[in-house]
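Here is a short report on one protein model. Have the sequence beside you as you read, and find each part in the 3D view as it comes up.

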Amino acid sequence: MNKTVHSTFKGLNTQVKASLFYFLVNLENSDFDHVVLEDEQWEDFTLVYQSGKRIICESKNWKKPINWSRKPKKFLPVR
């Protein structure tokens with residue numbers, strides 16, 4: 001398997017793990033409806049709620065681990 005194909009599979013694996021994580025997090029949320037993989041505008045996945053709210057998600061697989069000493073300034077709430 002060449003590097004391009006290997007990177008593609010690695011990226012898809014990361015995308016599936018992230019979408020499964022958010023699916024499980026939202027499973028008990030009564031407003032949560034479904035997850036759309038590779039939506040119209042090539043978003044990695046979109047969380048769709050019955051209220052019409054949509055959260056567009058992108059996932060990335062980095063060669064180096066994330067340095068958690070620099071914490072993000074803002075987290076989006078997960079309900």
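Let's start with Gln-15, which sits in helix α1, residues 3–26. Keep in mind that the model is a predicted one.

Is Gln-15 buried or exposed? With a relative accessible area of 6%, Gln-15 is buried, because anything under 20% counts as buried. Leaving aside residues up to four places away in sequence, Gln-15 touches Leu-37, Glu-38, Asp-44, Phe-45 and Ser-59.

Two of those names lead us on to the strands: Leu-37 stands opposite Phe-45 in β2. So what about β2 itself, residues 45–49? Five of its five residues are buried, so the strand is largely enclosed by the rest of the structure. You can check this face by face: Phe-45, Leu-47 and Tyr-49 are buried on one side, and Thr-46 and Val-48 are buried on the other.

| Strand pair | Residues of the partner | Bridges | Direction |
|---|---|---|---|
| β1 and β2 | β1: residues 32–37 | five bridges | antiparallel |
| β2 and β3 | β3: residues 54–57 | four bridges | antiparallel |

β2 and β3 form a hairpin with four residues between the strands. Which residue in this hairpin takes a positive phi? That's Gly-52, with a value near 100 degrees.

Key
Residues are numbered from 1 along each chain as its sequence is written. This is a predicted model: local features need pLDDT of at least 70, side-chain atom pairs count only at pLDDT 80 or more; totals for chains, interfaces and linings use all residues. Side-chain values use heavy atoms; hydrogens and water are left out. Buried means under 20% relative accessible area, exposed over 50%, partly exposed in between (1.4 Å probe, protein chains only). Helices (H or I, at least four residues) and strands (E, at least two) are DSSP runs, numbered from the N terminus. Two strands pair if DSSP finds at least two bridges between them. Contact means heavy atoms within 4.5 Å.
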